[in-house]
Amino acid sequence: MPDFVAPKGIPEYYPPVSRTFEAIRRTLLAAADRAGYGPIELPVFEDTGLFARGVGESTDVVSKEMYTFADRGGRSVTLRPEGTAGVMRAVIEHSLDRGPLPVKLVYAGPFFRYERPQAGRYRQLQQVGVEAIGSDDPALDAEVIAIADEGFRDVGLSQFRLDLTSLGDAVCRPAYRERLIAFLDGLDLDEPTRERARLNPLRVLDDKRPAMQEQLAGAPLMLDHLCDACREHFDRVRQVLDALSVPYELNPRMVRGLDYYTRTTFEFVHPLLGAQSGMGGGGRYDGLMAELGGQSLSGIGFGLGVDRTLLAAQAEGLTVGHPARCEIFGVPMGPDSSLRLATLAGELRRAGYRVDMAYGGRALKTAMKMADASGAALALVLGDREIVDGTVVVRDLRSGEQNAYPMGDLVQVVGPLLTAVPVV
Ligand code: HAM
């Protein structure tokens, strides 16, 4: 046992898996970048009150899972459990909502929830998120959903599903809530469930126990009780999603773990992820900005779990990005050739290739083994004879084929060699 180990429930990524993780994060971010979302960098801890008010006191996230502590000045601060509240705080504080609307922002980073660790459920989790603030347009809802869908598809995933529903708004939800409470009152509920129903009756609908599912079969659903404006909005979102060819399933029993949601709400679910199958989720939060002291602007966004996207990619057997640390590996034979190879490696890197080499005066055999282990497709072999000739031997590690080329041609030569279909 080493003297120090990482805190419990926190995944750490190091090569080679970290390359895949990084490639996934980059891919998800790129989808948002293509739709005009600007990056925002925010603190990982904030005033505790921001999350209590923004995310909601009745949520598990706030009531049970926050990393809250007093800093040295005695202020209560909390490691951010999610990103939306902080983005809204920044938009209000820096008046980002005074320019053209919607304000479109994208972020990536770690979030912290003191949950019981299990496969796919961590205490430090990584998300890529977007928030679009200041427009009610249902086409914007569809855009946000389509970005997530495209991001996951760009990663290579194909086996996920998109669940969609509408949670209504301040006009229709209160009446629906009363209806649901009346229905739940008539059921035979155990004490913890009764308590849950008291705090947030909607959350009871998510109870996975078969006996409860049976009791809840006839429960009233928000989707059947939307007001005209919410119904129209939701129909339009669906229309645009259809036009964008984004497939989805209606799931009127979807329950999100955060209180700020209104109207469009969605979740990306991957069936190979086991119990923690939510790969990403989001929705509208039309009352949040006013709740946090800003003007009354609506908003919509998502948070995609990078850790779970990685697990899903592994479950689907995908290769994402470059799992190998380099594509070209230099094998020097002697100090002079080491200097030459270092120079050639520099040239190739400046030309955009990923190049590594053997250091420390290794024997040829050891250096060739290192070249193989590096995952590179090509090895550059250079000895005294090549230095005299002004050449370098390029060996295709996939096929074993090799040829000598003039050093000056190397940058031109490697491109076609790398893409050549290897003879196995
Ligand atoms: P969320 O559903 O709480 O939403 O989290 C989004 C995603 O983060 C989840 O779908 C999941 O992939 C990942 N995630 C959450 N908790 C964990 C965990 N303990 N371990 C691993 N992954 C986890 C939000 O956070 C909202 N802020 C999303 C949003 C943005 N809604 C509107 N705008």
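Predicted model: local features only at pLDDT ≥ 70, side-chain atom pairs only at ≥ 80, totals over all residues.
Strands here are DSSP runs of E with at least two residues, helices are runs of H or I with at least four, and both are numbered from the N terminus. Residues are numbered from 1 along each chain as its sequence is written. Local features need pLDDT of at least 70 and side-chain atom pairs count only at pLDDT 80 or more, while totals for chains, interfaces and linings use all residues; side-chain values use heavy atoms, leaving out hydrogens and water.

β7 pairs (at least two DSSP bridges between the strands) with strand β9 (residues 262-269) in the antiparallel sense, over 6 bridges. Here Asp163 sits opposite Glu267 of β9. With strand β8 (residues 249-250), β7 runs parallel over 2 bridges, and Leu164 faces Leu250 of β8.

Further along comes an open sheet of 5 strands with mixed pairing, ordered β13-β12-β14-β15-β16. β13 (355-357) and β16 (402-406) are the edge strands, each with a single partner, so one side of each has no neighbour in the sheet. From one strand to the next, the twist averages 25° (axes are lines fitted to C-alpha atoms, for helices over the stretch in contact, with angles from 0 to 180 degrees between N-to-C directions). Within the sheet, β12 (residues 328-332) and β14 (residues 378-382) are parallel partners over 5 bridges, and Pro332 has Leu382 of β14 as its bridge partner. Helix α13 (residues 335-350) packs on this sheet, touching β12, β13, β14 and β15 (391-396) (contact: heavy atoms within 4.5 Å); the direction of α13 makes about 165° with that of β13.
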